[in-house]
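Thanks, everyone, for making the time.

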Amino acid sequence: MLIIGLTASAIASESGEFADTIMSKSIKRYEYILAKFSSRIIYVMLIYSVITLILTGLTLKMALNDYEIYGLIAAVLLVALLLFMLTSIGIALSTVMPNTIIAIVTLLILWYSMTFFFPMLDLEFLSPSNILTHLSDIIQGIWTGEEWKFAVSLITTSIASMILSTIYFSIKDL
């Protein structure tokens, strides 16, 4: 919820005073939107890294041998990609939607609809709940091959939302 709120309010919350600011500075629109993407992604990944390092350290100290180190690293990276995608889509919706609340609600609906409807459409590998249910297997080193499809789809979705929102924001009338 925190990530959804942070990302969906990135641009929509500044739309009123932004027009005056961007017109008086020598900053280009694509530079502004890319700076928003960069700052929000770094912020989310920094928070995730700190939490993950603490929890991974505690897990390794417990000395339970029911994990494989490569599986643990892969699980951490897959969740990071999931957060990267959520951040990218949130900022893209913030670019398109004029109201922060509408952007947040739209992202929540989109997130939960991906969880429920993608498995019905035989796109289960795109569902966030699919990777979350398989994390325990991945940590133990059990691979099904679906992980690569999921990682590629997350990266593709993130890059596409970044490109489309940058283009939209560049031609948008403030």
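The chain has 7 helices and 0 strands, where helices are DSSP runs of H or I with at least four residues, strands are E runs of at least two, and both are numbered from the N terminus. Please keep in mind that this is a predicted model, in which local features need pLDDT of at least 70 and side-chain atom pairs count only at pLDDT 80 or more, whereas totals for chains, interfaces and linings use all residues. Residues are numbered from 1 along each chain as its sequence is written, and side-chain values use heavy atoms, with hydrogens and water left out.

Of the 174 residues, 38% are buried, meaning under 20% relative accessible area, with exposed meaning over 50% and partly exposed in between, using a 1.4 Å probe and protein chains only.

Helix H3, residues 29–61, has 33 residues and reaches 48 Å from its first C-alpha to its last, close to the 48 Å expected at 1.5 Å a residue, the expected span being 1.5 Å times one less than the number of residues. Its buried residues include Tyr32, Ile33, Phe37 and Ile41. Ile51 also sits in H3, and it counts as partly exposed because its relative accessibility is 47%.

Which residues does Thr166 touch, leaving aside its neighbours within four places in sequence? Thr166, in helix H7 (residues 146–171), is in contact with Tyr30, Ile33, Leu34 and Phe37, contact meaning heavy atoms within 4.5 Å. At 12% relative accessibility, Thr166 counts as buried.
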